[in-house]
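Please view the sequence and the model first, and then read the notes by topic.

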Amino acid sequence: MKINKVVRDKVKIDYLLIEGTVDIETPYFINEINKGIKENNNENFKTNVNGYMTSWHYFTRNNNFLKTLFPLFDYLDNLEKIKAYSLHSAWGLKEGFGNYTYPHDHAPNYLSGVIYLNDHDQVLLFPEIKKEFKPKRNSFILFSSFLIHKTLRNITDIDKYAISFNLNFHKGG
């Protein structure tokens with residue numbers, strides 16, 4: 001083997017980040033998350049969420065969740081340069097005292113998002129773009145999946161509830 005050159009550098013890359021609010025039945029979804037984290041196929045403390053988590057696809061076929069996402073999808077469909085996409089995964093999470101989310105991205109997904117079900121002091125951090133978001137009930141953030149994000153430990157006695165989701169490139173056929 002012969003290596004002629006190794007380059008490690010950064011490139012500037014376009015990303016998408018949308019922040020807004022949605023109409024969502026928060027008590028219903030908090031109840032659903034509390035049920036999902038007790039099921040045998042839960043992902044509690046097994047993923048980048050160092051806390052409680054439903055299965056990866058817990059909300060993908062939930063009509064109430066889809067009704068919440070459809071206005072956002074309608075908005076995306078009217079943006080220039082948005083590629084065809086489909087909902088790949090949607091899961092609920094609950095982070096209690098001491099819980100946090102490890103730094104990670106959602107690549108190779110196309111877009112990722114989170115909808116907050118309650119107000120909370122545990123901010124979502126995007127170190128690469130120097131942005132942070134404080135969870136507010138019914139707020140959402142949609143972002144390019146390659147963006148690294150994390151939370152610090154929850155140091156309150158209040159549980160944070162959210163639903164996260166991924167959109168993949170649409171595979172027509």
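A contact here means that heavy atoms lie within 4.5 Å. In this predicted model, residues 24 or more positions apart account for 77% of the contacts in the protein chain with a separation of 6 or more. The points below describe the chain as a whole and then its strand pairings.

**Overall architecture**

- The protein chain contains two helices and eleven strands.
- Along the sequence, these elements follow the pattern β-α-β-β-α-β-β-β-β-β-β-β-β.
- The radius of gyration of the protein chain is 17 Å, close to the 16 Å given by the globule rule for 173 residues, so the chain is as compact as a globular protein of that length.
- Taken along the principal axes, the C-alpha atoms fill a box of roughly 55 × 40 × 30 Å.

- Of the 173 residues in the protein chain, 49% count as buried.

**The five-stranded open sheet**

- Five strands form an open sheet with antiparallel pairing, in the order β2-β5-β10-β7-β8.
- The edges of this sheet are β2 (49–50) and β8 (131–133); each has a single partner strand, so one side of each is left without a neighbour in the sheet.
- Within the sheet, strand β5 (residues 100–104) runs antiparallel to strand β10 (residues 149–151), and two bridges join them.
- Residue H104 stands opposite H149 in β10.

**Strand β4 and its partners**

- Strand β4 spans residues 85–95 and is mostly covered, with eight of its eleven residues buried.
- Strand β11 (residues 160–169) runs antiparallel to β4, and ten bridges join the two.
- The bridge partner of Y85 is F169, which belongs to β11.
- Strand β4 also pairs in the antiparallel sense with strand β3 (residues 52–53), over two bridges.
- The bridge partner of M53 is L93, which belongs to β4.

**Background on strand pairing**

- Strands of a sheet pair through backbone hydrogen bonds, in either a parallel or an antiparallel sense.
- In a regular strand, the side chains alternate between the two faces of the sheet.

Key: Residues are numbered from 1 along each chain as its sequence is written. This is a predicted model: local features need pLDDT of at least 70, side-chain atom pairs count only at pLDDT 80 or more; totals for chains, interfaces and linings use all residues. Side-chain values use heavy atoms; hydrogens and water are left out. Buried means under 20% relative accessible area, exposed over 50%, partly exposed in between (1.4 Å probe, protein chains only). Helices (H or I, at least four residues) and strands (E, at least two) are DSSP runs, numbered from the N terminus. Two strands pair if DSSP finds at least two bridges between them. The radius of gyration is taken over C-alpha atoms; the globule rule is 2.2 Å times the number of residues to the power 0.38.
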